[in-house]
Amino acid sequence: MKLKNPLLVVTDIDKSVEFYKNVLGLHKIMDFGANVTLTGGVCLQTKETWMAFIDAKENEIVFGGNNAEIYFEEDDFDAFAEKLKIQDIEYVHPVLEHRWGQRVVRFYDPDRHIIEVGENIKAVTRRFLDSGMTEEEVAVRMDVPLEFVKSCKE
């Protein structure tokens, strides 16, 4: 068994493709009309074809459930957070820092699927090390093994 791709049902595939391109920098790698695969493996499927696939009625497809998300990591989190400020998006929450030090932001795509973008965890480690913390202090702060912290220096 091998996981291939997450698939998101969308109401307007062109609008969604543009959103993922403009906000996250993803591009089409396969376009079957009613189904598009983007870089990173995210697939978009039109609501109409999805309803036919699962034999669903209109009211059985619900958006904005706030019960799942698509997660991305960004190496240059500060630049990404700045880029978001000029995008037309609805935030779930602005940039925040989790207890282990990773900065994240969550927002909705056009169909209210939650998108999370987090600071690359190795970048978090390097940020703490660059601030003068010891490897041991970083491991405690991030609640990760010391070996992981050491591997992030390479």
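Let's start with Met-30, which stands opposite Thr-37 in strand S3. This is a predicted model, where local features need pLDDT of at least 70, side-chain atom pairs count only at pLDDT 80 or more, and totals for chains, interfaces and linings use all residues. Residues are numbered from 1 along each chain as its sequence is written, and side-chain values use heavy atoms, leaving out hydrogens and water.

A strand here is a DSSP run of E, at least two residues, and a helix is a run of H or I, at least four, both numbered from the N terminus. Two strands pair if DSSP finds at least two bridges between them. S2 (residues 28–31) and S3 (residues 35–38) run antiparallel, joined by three bridges.

Which order do its four strands take? The order is S5-S8-S7-S6, in an open sheet with mixed pairing. S5 (69–74) and S6 (90–97) stand at the edges with a single partner strand each, so one side of each has no neighbour in the sheet. S6 pairs with S7 (residues 103–108) in the antiparallel sense over five bridges, and His-93 stands opposite Arg-106 in S7.

Last, the cysteines. A disulfide is a covalent bond between the sulfur atoms of two cysteines; the cut-off used is a pair of sulfur atoms within 2.5 Å.
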